[in-house]
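Reader: Could you walk me through this one, starting with the pocket and then moving to the fold around it?

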Amino acid sequence: MFLQGHYQNAYVTHDIDKARDMLSERYGLKDWINFEMELPLRTPEGERQLGVKVGCAWAGSLQIELIEPVSGAVEPYLPYLPADKSDFTPRFHHISLRRDDYDAMQAEIARLGLPFVCEGGIPDLLYTYVDGRSTFGHYVEFVWASEAGWKMIGWPEGRPVI
């Protein structure tokens, strides 16, 4: 049940534009949904702001997400980025799991007992990161969205939640 709804692999990079261009050219990813935002985030240290650049593209039934941390609460991303800031090669950061019931999602997160990293959201979409590095070697993101939220991130028409 835990991995049900896996729809996204996410990567961090020092330069989202170069990383997106490389992935588009090499792997044929296209129709990127791009946005730059600053959003409030709840962390173990309290309320903070996070500034990020994000790009998402679908590769069949898997969404690839690129994240360039820009400002604020960027600590969860930093260990994955190379020391060389000119190295824009994307580095794996987390998987995302779709959940359609927010309360059930929160109960599942509590049952798992994985360390809380942060949670935030935008209109029609809420997410929670937990630290799965002790068992999976990476973070796990749980995502709840309304129908409008899934449409906003380009959920393919007719794609089932598996």
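**The pocket and the barrel**

Author: The largest pocket is lined by 23 residues, and Phe35, Met37, Val54, Glu65 and Leu125 lie nearest its centre. A pocket here is an open set of points on a 1 Å grid over the protein atoms alone where a 1.4 Å probe fits, with protein on both sides within 12 Å along at least five of seven lines, and lining residues have an atom within 4 Å of a point. This is a predicted model, in which local features need pLDDT of at least 70 and side-chain atom pairs count only at pLDDT 80 or more, while totals for chains, interfaces and linings use all residues. Residues are numbered from 1 along each chain as its sequence is written, and side-chain values use heavy atoms, with hydrogens and water left out.

Reader: OK, what order do the strands run in around the barrel?

Author: The closed barrel of eight strands runs β1-β4-β3-β2-β6-β7-β8-β5, with mixed pairing; two strands pair if DSSP finds at least two bridges between them. From one strand to the next, the twist averages 30°, with angles running from 0 to 180 degrees between N-to-C directions and axes being lines fitted to C-alpha atoms, for helices over the stretch in contact.

Reader: Where does helix α1 pack?

Author: Helix α1 (residues 16-27) packs on the sheet and touches β2, β3 and β4 (contact means heavy atoms within 4.5 Å), its direction making about 165° with that of β4. Helix α2 (residues 102-112) also packs on the sheet, touching β5 (91-99), β6, β7 and β8, and its direction makes about 160° with that of β8.

Reader: Back to the strands: how do β2 and β3 pair, parallel or antiparallel?

Author: They pair in the antiparallel sense over eleven bridges, forming a hairpin with two residues between them. Methionine 37, one of the residues nearest the pocket centre, has valine 52 in β3 as its bridge partner.

Reader: What about β1 and β4?

Author: β1 and β4 pair in the parallel sense over five bridges, and the bridge partner of tyrosine 11 is leucine 66 in β4.

Reader: Switching topic, how many salt bridges are there?

Author: The count comes to seven, a salt bridge being a side-chain nitrogen of Lys or Arg within 4 Å of a carboxyl oxygen of Asp or Glu. Arginine 20 forms one with aspartate 17, their closest N and O atoms being 2.6 Å apart, and both residues lie in helix α1, three residues apart, about one turn of the helix.

Definitions and conventions
Helix = DSSP H or I, 4+ residues; strand = E, 2+ residues; numbered from the N terminus.
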